[in-house]
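Reader: I would like to go through the terms used for this model. Please set each value against its definition.

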Protein chains: 4
Amino acid sequence: MPEVVFPLDSTKSFTDQRIVGHNRWHPDIPAQVHVKPGDSFRVHCREWFDGAIHNDDSADDILNAPLNGVHVLSGPIAVEGAQPGDLLIVDILDVGPIPQEDSGPLAGQGWGYTGVFATSNGGGFLTEQFPDAYKVIWDFQGGVATSRHVPGVSFTGIVHPGLMGTAPSADLLATWNSREGALIATDPNRVPPLALPPQPDSAILGSLSGADFERAAAEAARTAPPRENGGNQDIKNLTRGTRVFYPVFVDGAKLSMGDLHFSQGDGEITFCGAIEMGGFMDLHVDVIKGGMQTYGVTENAIFMPGRTDPQYSEWLAFSGTSVTLGGEQRYLDSHLSYQRACLHAIDYLTQFGYSAIQAYMILGAAPIEGRLSGVVDIPNSCSTVYIPTEIFDFDVRPGKNGPHQVDPGQGVPRSAG
Amino acid sequence: MPEVVFPLDSTKSFTDQRIVGHNRWHPDIPAQVHVKPGDSFRVHCREWFDGAIHNDDSADDILNAPLNGVHVLSGPIAVEGAQPGDLLIVDILDVGPIPQEDSGPLAGQGWGYTGVFATSNGGGFLTEQFPDAYKVIWDFQGGVATSRHVPGVSFTGIVHPGLMGTAPSADLLATWNSREGALIATDPNRVPPLALPPQPDSAILGSLSGADFERAAAEAARTAPPRENGGNQDIKNLTRGTRVFYPVFVDGAKLSMGDLHFSQGDGEITFCGAIEMGGFMDLHVDVIKGGMQTYGVTENAIFMPGRTDPQYSEWLAFSGTSVTLGGEQRYLDSHLSYQRACLHAIDYLTQFGYSAIQAYMILGAAPIEGRLSGVVDIPNSCSTVYIPTEIFDFDVRPGKNGPHQVDPGQGVPRSAG
Amino acid sequence: MPEVVFPLDSTKSFTDQRIVGHNRWHPDIPAQVHVKPGDSFRVHCREWFDGAIHNDDSADDILNAPLNGVHVLSGPIAVEGAQPGDLLIVDILDVGPIPQEDSGPLAGQGWGYTGVFATSNGGGFLTEQFPDAYKVIWDFQGGVATSRHVPGVSFTGIVHPGLMGTAPSADLLATWNSREGALIATDPNRVPPLALPPQPDSAILGSLSGADFERAAAEAARTAPPRENGGNQDIKNLTRGTRVFYPVFVDGAKLSMGDLHFSQGDGEITFCGAIEMGGFMDLHVDVIKGGMQTYGVTENAIFMPGRTDPQYSEWLAFSGTSVTLGGEQRYLDSHLSYQRACLHAIDYLTQFGYSAIQAYMILGAAPIEGRLSGVVDIPNSCSTVYIPTEIFDFDVRPGKNGPHQVDPGQGVPRSAG
Amino acid sequence: MPEVVFPLDSTKSFTDQRIVGHNRWHPDIPAQVHVKPGDSFRVHCREWFDGAIHNDDSADDILNAPLNGVHVLSGPIAVEGAQPGDLLIVDILDVGPIPQEDSGPLAGQGWGYTGVFATSNGGGFLTEQFPDAYKVIWDFQGGVATSRHVPGVSFTGIVHPGLMGTAPSADLLATWNSREGALIATDPNRVPPLALPPQPDSAILGSLSGADFERAAAEAARTAPPRENGGNQDIKNLTRGTRVFYPVFVDGAKLSMGDLHFSQGDGEITFCGAIEMGGFMDLHVDVIKGGMQTYGVTENAIFMPGRTDPQYSEWLAFSGTSVTLGGEQRYLDSHLSYQRACLHAIDYLTQFGYSAIQAYMILGAAPIEGRLSGVVDIPNSCSTVYIPTEIFDFDVRPGKNGPHQVDPGQGVPRSAG
């Protein structure tokens with residue numbers, strides 16, 4: 001096992017750990033760990049809500065989730081010699097749930113959860129259809145997830161970090177705050193909001209304290225969106241064996257990571273989202289000096305996925321176009337067409353006895369593929385969503401005998417938003 | 001070989017064929033061909049511009065392409081007993097370039113083309129960056145495409161129909177015209193336009209003539225966008241072996257198809273787009289009575305892709321977020337984030353000696369994957385584009401030695417828009 | 001379509017064609033066709049028994065099959081400039097059943113057959129268990145095979161030539177005759193025989209006639225075994241897109257091919273075997289001068305399989321060791337261990353209602369994988385056979401509810417040997 | 001983490017552990033561990049030579065390896081309620097190198113080894129060509145293996161147990177001893193031997209002692225060969241996620257396992273063989289009562305491989321037939337034809353600068369595929385070996401420019417046998 005450079009104790013909260021990480025992006029958060037190019041090391045990662053979500057049959061914890069506190073990240077990790085303009089090579093040697101702990105109260109201890117936020121808390125991709133808070137617990141065994149809340153389905157985990165990235169420079173941070181602030185200003189009272197401004201409440205900035213903390217907390221960026229530094233990309237294919245190339249914006253690169261997922265469908269459509277868990281990452285780092293210019297990678301990570309993603313060979317696919325449910329024609333809106341494709345998939349699965357929220361949860365957590373199939377055929381973009389048929393323990397294909405009927409069981413816990 | 005129920009002669013134009021197809025959607029276009037559930041049959045398909053694009057080194061034909069005339073479709077084909085509310089099963093038994101003809105002036109005779117329209121003609125996904133007309137010729141051999149205009153790259157074709165679908169009912173057609181008209185009305189003089197209204201000029205409606213033709217031509221829907229009936233979905237995975245389930249809106253279903261592609265990347269980002277060709281489809285049809293309600297498929301096709309898509313196992317991937325090139329923050333715009341991911345890929349490939357338009361053409365024609373990776377992390381969606389590294393005849397991965405330099409050769413023909 | 005350099009008329013027998021091929025290996029068989037490095041061309045191929053096997057429900061034709069007449073091969077094709085010591089590159093641009101003919105009396109016209117020979121005629125891999133003649137007819141549709149004789153199973157074809165190779169030199173031919181004669185001499189009256197000596201009866205040697213024919217027919221090698229020149233390798237992975245490198249032993253290489261298979265499991269265990277058919281191959285050839293020495297390829301083809309083999313992702317596998325059914329321990333006999341693995345698979349499938357011969361036929365024709373898993377663990381080698389579960393239309397996995405029962409239908413035609 | 005029911009301390013020898021396993025098969029070895037159907041648990045496994053092989057540059061330890069002491073196995077594990085006639089379901093939840101230990105003197109602590117035995121010690125698959133002892137050390141990082149002894153190659157591990165199985169009944173053991181003894185008797189002084197008889201020297205039989213030990217040691221079966229109980233099958237595809245079904249021959253089934261491999265090519269052709277290591281397995285067990293008869297599985301395991309085997313999509317393949325290097329024709333000898341295919345692959349790789357033993361080691365350790373391609377074409381069987389081209393860091397395909405030249409570096413340690 002590589003040396004654990006960022007350890008976590010599952011029994012303690014994020015801020016009570018020996019090394020305290022952070023939940024905002026800011027160049028001034030001091031590096032907690034120092035490594036060299038060529039080093040391999042292990043990092044523990046806390047589940048993104050720091051243990052606030054429980055392995056039970058109520059969605060109240062999702063309804064009341066401490067949104068200002070996310071994402072609790074491990075880092076920053078300084079890589080010796082990395083300078084602005086370099087590309088930081090990060091090899092994901094391994095990633096998984098909390099090692100040696102397969103039962104316990106913390107997500108990652110043999111289980112994880114998928115949630116849907118109430119609209120008042122930010123909602124999700126299909127918040128108009130699912131305005132309340134919902135939660136599903138998934139059990140892990142043998143790299144496979146199953147759930148008492150969604151019977152009849154099991155799938156091999158596609159384990160990955162939802163969030164990893166380098167620290168922004170001060171300039172880049174200012175750019176973020178400026179452009180996101182401008183967006184918010186177009187509709188400042190919107191529910192859910194258009195974006196999340198800096199929020200000193202619940203900010204954790206590693207070892208920063210006092211005035212330094214106050215200043216940084218007031219301007220540090222929230223971690224929800226992916227940005228030029230990578231960040232919360234929620235790319236399900238950053239699995240074991242993946243090599244990522246991050247732009248470097250500050251000395252030492254200041255790499256951080258967290259928000260581990262046991263599995264996720266493309267889009268993480270349920271928002272809270274994927275199968276959330278704590279766990280570990282084994283990483284190897286290296287540096288391509290001046291690589292940003294050499295390879296034209298000035299922003300956003302590029303990557304080469306690993307070779308051991310779960311293999312499925314039979315898919316049932318749904319398509320959608322950029323027409324709203326209400327019948328309004330939108331112009332090449334791939335976001336909308338993906339929503340419509342997902343809704344079509346949900347409509348289909350409910351014919352087999354699932355509740356709509358069960359179907360939604362499957363799409364959020366299973367390794368479905370979401371593709372931008374057509375983006376130019378005005379005015380309709382076409383998005384498609386592919387569900388592996390082999391994840392169901394019954395025949396999910398259309399046929400002349402009509403759909404098999406699943407016993408939906410106890411269903412998905414819900415808390416009115 | 002299944003019986004050819006819709007034959008085409010490569011030496012004659014679309015309207016000079018024995019059976020004349022159509023290039024608009026309208027319920028009143030008479031069925032040209034009648035088949036029964038359980039039948040297998042062959043359909044010839046004309047390339048979408050009916051031969052107007054030539055195998056040469058000029059993009060003038062793309063600049064002056066007869067846009068009002070597209071897509072020249074084969075059909076309608078009536079399936080006996082199919083009624084509104086049924087699901088029409090269409091098995092793609094085979095699909096390919098023009099059989100027995102591997103040289104000649106018609107795309108599909110051993111070659112195909114990828115084009116980019118000038119902005120004044122509708123542009124493409126990246127029209128701001130590529131405002132002129134461009135064309136690339138691809139040669140087919142052994143199921144593999146190569147191009148004198150884009151050296152250093154070859155890939156196995158992922159052959160599919162860009163367009164297939166059933167006829168709309170009169171009500172559905174009215175809905176289309178209404179909602180698309182409303183969109184156009186929001187900015188009627190936009191270049192490129194938001195959508196394309198019915199256009200009697202160049203309309204071809206099969207055997208309709210006289211007053212029936214005039215009436216139908218005035219209201220028939222253009223074929224560019226995908227809609228509830230399937231249509232121009234440009235789904236690259238509708239390859240040989242695929243089973244598609246189409247909603248039926250009129251008696252006999254009235255299936256039509258065309259716009260064959262030798263290969264395409266997700267999104268068909270170059271618009272004209274994919275590797276365009278004429279060719280053939282072998283189809284088998286069947287009907288699930290009442291299947292729309294039984295399976296909850298009230299609109300948009302669902303499908304099960306075939307098992308013989310080309311296999312690649314090493315990918316280089318690029319990510320993008322919903323921030324414009326000008327730095328403006330947009331709200332969860334997956335269309336924009338896919339544009340940015342594609343632009344990142346283009347920036348990268350140009351470091352290897354390709355011109356930007358060559359890189360763009362690779363993304364349009366090669367079997368790249370475009371995924372909606374994150375759609376909920378406000379305000380940034382995250383889209384990703386995956387390029388198989390094995391399509392290049394050099395090492396395209398980032399490394400410490402810097403990028404290999406390709407000889408870009410004569411490059412991509414361009415005609416100023 | 002590439003030029004047809006070796007045409008066949010489905011209505012005529014092999015010897016009545018315009019160009020007559022051959023069914024023996026001999027360096028003096030004149031080239032019938034001349035091509036150049038870089039050329040692409042089409043070759044028609046006759047099914048290996050030249051039409052003697054019929055689409056009916058009797059195995060009499062298999063029992064009485066004209067064994068001396070096989071394999072009817074297309075060629076030889078001389079490649080300009082190819083000389084002994086070169087490597088001949090052969091790209092399989094395409095391969096398939098008889099084009100444009102999907103019904104008719106000739107295998108390849110929409111159907112094919114799998115046979116098992118009676119022991120007296122050579123038997124097969126499991127001739128002790130299946131001593132008679134058996135036949136299964138498979139229907140092709142959409143690249144998928146199904147059979148009235150084996151219900152409940154369908155699979156995507158893995159189309160390939162069973163036989164392709166270059167002509168032997170006179171010296172190499174003498175070597176073959178010498179070593180095979182020595183083997184036969186060890187047990188000359190064995191049934192089935194150990195090997196097949198030259199057999200002038202039914203020999204077809206292209207345009208050779210008179211004394212030249214007599215001399216060559218007396219020494220020409222039978223085509224059953226694969227040898228240094230490639231030949232009847234029965235490698236199921238020589239599918240479309242494959243590049244093969246053959247050693248060149250005579251001027252012009254003299255390439256020949258035939259014995260097309262719509263599908264086959266590893267080993268072609270039923271002997272007659274695979275799904276036999278006539279059809280076509282589109283080929284592209286080139287030459288690596290001196291390549292045999294440069295690459296150390298002095299005998300036996302090397303190859304790179306195509307990228308579009310059918311994809312399956314769930315397999316049920318059986319293992320066997322080198323102990324005979326009678327309980328005798330053999331020393332590292334991978335042939336025997338594969339027999340035992342296949343017998344285990346057959347035992348398993350019969351629990352689902354199949355007859356043993358139906359199960360045997362599935363193993364012969366479906367794209368099963370046969371692997372040499374352990375070859376050193378004295379005294380037992382371990383071979384394994386992998387069956388894709390997705391080819392069955394029922395759940396073929398072991399479970400607590402016991403095996404599903406298939407209706408075996410009319411079963412497999414049999415003729416007592 | 002599942003409960004560790006069979007723990008090992010890396011710093012102690014096999015016989016000094018708290019629970020002592022066994023290295024022979026015998027029904028009377030007492031179960032060391034008791035589990036129930038439905039249980040999940042972790043087992044530590046010692047590398048098969050119990051630490052006798054070192055991470056250095058000498059092959060002396062391979063030359064002098066303690067052959068009588070293998071394989072040191074973890075178990076037996078009794079499964080409550082399992083009875084003769086049942087099928088034991090074993091799910092491989094996880095398998096890997098020694099957890100939390102990535103450096104140290106024991107194989108499995110971040111490294112492993114591949115060895116070739118001297119002929120006097122049993123040799124290997126190609127012992128005529130490689131009569132001495134050889135050793136290669138592989139380093140593990142990120143699930144990928146590389147070696148200072150074989151430059152230019154790296155590959156993703158296909159981690160699996162070489163050996164797992166249930167205990168034989170007394171009758172079955174007697175059968176083994178009888179048939180293997182009969183084989184040995186045919187050539188009792190052969191070097192290497194035909195099989196290994198019971199050998200009390202170095203026998204370890206768990207908690208057995210005294211007269212019980214003496215009696216059992218005299219008749220207990222060696223663990224080298226796979227047999228009806230599974231055992232040393234060396235199936236490279238028993239990776240994470242695999243479900244195996246073992247016949248049960250004694251009450252409690254008495255499951256044992258060991259001989260973990262980080263990677264291996266089909267056949268484990270180098271004998272010592274694969275990349276050997278210690279490590280762990282997480283297992284889940286269940287029972288199908290009476291399953292042996294219900295499913296016709298009376299001997300040898302059946303299994304369903306996991307979904308996360310490493311994916312490669314471009315292969316270079318070599319074929320061989322059953323003719324000896326000396327030119328003798330053998331009858332349908334798939335063992336020989338696989339040897340010849342492997343030798344062809346070695347000949348090829350040596351043209352790129354590798355020594356023959358380096359090439360041999362690649363075939364033994366990398367995830368190559370070995371297939372029984374043709375087993376009926378008398379007198380030649382055809383075997384094929386497929387090497388993924390992507391494991392080389394140079395272009396290994398044949399071309400017109402001739403082979404790239406690798407710097408072979410220090411090469412493979414050798415000790416004369």
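Author: A crossing is left-handed if the near helix is turned anticlockwise from the far one by less than a right angle, and right-handed if clockwise. The crossing of α5(A) and α6(A) is right-handed. This is a predicted model, in which local features need pLDDT of at least 70 and side-chain atom pairs count only at pLDDT 80 or more, while totals for chains, interfaces and linings use all residues. Residues are numbered from 1 along each chain as its sequence is written, and chains are lettered from A in the order in which they are written.

Reader: What makes α5(A) oblique to α6(A)?

Author: The axes, lines fitted to C-alpha atoms over the stretch in contact, cross at roughly 125° and come within 9 Å. Angles run from 0 to 180 degrees between N-to-C directions; under 35 is roughly parallel, over 145 roughly antiparallel, 65 to 115 roughly perpendicular and the rest oblique. The angle of roughly 125° therefore makes α5(A) oblique to α6(A).

Reader: Which residues of α5(A) make the contact with α6(A)?

Author: A:Cys342, A:Ala345, A:Ile346, A:Leu349 and A:Thr350 do, where contact needs C-beta atoms, placed from the backbone, within 7 Å. By class, the contact of the two helices has nine nonpolar, one polar and no charged residues.

Reader: How many bridges join β18(C) and β17 of chain D?

Author: Two bridges, in the antiparallel sense; strands pair if DSSP finds at least two bridges between them. C:Ala317 stands opposite D:Phe303.

Reader: How many residues of chain C are in contact with chain D?

Author: On chain C there are 87, in contact with 87 residues of chain D.

Note on methods. Contact = placed C-beta atoms within 7 Å. Helix = DSSP H or I, 4+ residues; strand = E, 2+ residues; numbered from the N terminus. Nonpolar A, V, L, I, M, F, W, Y, C, P; charged D, E, K, R; others polar.
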